[in-house]
Amino acid sequence: MIAVADTSGLLALFNRSDPEHARTRAAADACGLIVVSPLAITEIHHVATVRADRRTADAIVRTIANRVEETRIALAPASSRQLLTALAIRRNYAALDLDLVDAVTVAVAAEYRTNDVLTLDRRDFRAMRPLTDHPAFRLIPDDR
């Protein structure tokens with residue numbers, strides 16, 4: 001199974017004190033591959049710096065980089081098409097007031113032909129529909 005990771009899912013995965021950590025970790029371990037957008041990594045670093053400190057944020061990014069080297073995580077290549085698709089998604093779901101990373105996550109899921117998203121952002125990803133022929137997103141860890 002390929003899952004595209006949203007910021008909230010990755011933060012729970014790497015924060016052992018997060019109440020959702022154990023469930024998220026077990027679900028992530030069951031995935032064949034986790035795909036991450038570079039935009040999500042930037043947002044993770046920012047949020048971790050604000051919530052903890054820069055050293056903690058750097059440690060999370062280092063862990064992600066090491067997992068990429070081990071092929072447990074793949075970095076999705078950023079493209080202009082992906083960004084334009086994300087902007088269209090934001091326009092189509094204007095009432096949700098999506099941030100760019102959420103919309104890029106939807107675009108990346110379409111590129112990888114998956115509806116599995118590692119996220120705790122239930123409100124947005126339950127409301128949105130995949131750009132593929134899948135009827136809905138499958139939220140990991142909830143729908144695992």
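**Close-up views of a predicted model**

**View 1. Four leucines form a nonpolar surface patch.** Leu83, Leu84, Leu87 and Leu100 make a nonpolar surface patch of about 340 Å². Patches are made of residues with over 30% relative accessible area and no salt bridge; nonpolar side chains (Val, Leu, Ile, Met, Phe, Trp, Tyr) are joined within 5 Å, like charges within 9 Å. Areas come from the Shrake-Rupley method with a 1.4 Å probe, and for residues only the protein chains shown count as cover. A salt bridge is a side-chain nitrogen of Lys or Arg within 4 Å of a carboxyl oxygen of Asp or Glu. Helix α5 (residues 80–92) gives the most to the patch, with 3 residues. Helices (H or I, at least four residues) and strands (E, at least two) are DSSP runs, numbered from the N terminus. Leu83 sits in helix α5. Leu83 is partly exposed, at 35% relative accessibility. The cut-offs are under 20% relative accessible area for buried, over 50% for exposed, and partly exposed in between (1.4 Å probe, protein chains only).

The model is predicted: local features need pLDDT of at least 70, side-chain atom pairs count only at pLDDT 80 or more, and totals for chains, interfaces and linings use all residues. Residues are numbered from 1 along each chain as its sequence is written, and side-chain values use heavy atoms, with hydrogens and water left out.

**View 2. The largest nonpolar core has 23 residues.** A nonpolar core is a set of buried Ala, Val, Leu, Ile, Met, Phe, Trp, Tyr and Cys residues joined through side-chain atoms within 4.5 Å. Leu10, Phe14, Ile34, Val36, Ile64 and Leu118 touch the most other members. At least two core residues come from each of β1 (2–5), α1 (7–14), α2 (21–30), β2 (33–36), α3 (38–51) and α4 (54–69). Helix α3 supplies the largest share, 5 residues. Apart from this core lies another, of 18 residues, including Leu98, Val106, Val108 and Val117. In soluble globular proteins, nonpolar side chains tend to be buried together.

**View 3. Helix α1 is largely enclosed by the rest of the structure.** The reason is that 7 of its 8 residues are buried. They are Thr7, Gly9, Leu10, Leu11, Ala12, Leu13 and Phe14. Leu10 touches Ala5, Val36, Ile44 and Leu118, not counting residues up to four places away in sequence. Contact means heavy atoms within 4.5 Å.

**View 4. Thr119 is buried, at 0% relative accessibility.** Thr119 lies in the loop between β4 (116–118) and α7. Its side chain makes a polar contact with the side chain of Ser8 (3.1 Å). A polar contact is a pair of N or O atoms within 3.5 Å; within protein, one must be able to donate a hydrogen and the other to accept it, and residues adjacent in sequence count only if both atoms are side-chain atoms. Leaving aside neighbours within four places in sequence, Thr119 is in contact with Asp6, Ser8, Gly9, Phe125, Leu139, Ile140 and Pro141.

**View 5. Arg23 and Asp142 meet in a salt bridge.** The N to O distance is 2.5 Å. Arg23 is in helix α2 and Asp142 in the segment after β5 (138–140), 119 residues apart. Arg23 is partly exposed at 42%, and Asp142 is partly exposed at 26%. Glu20, Arg23, Arg122 and Asp142 are linked in a network of salt bridges.

**View 6. Asp143 forms a salt bridge with Arg126.** The closest N and O atoms are 2.8 Å apart. Asp143 lies in the segment after β5 and Arg126 in helix α7 (residues 122–127), so the pair ties together parts 17 residues apart in sequence.
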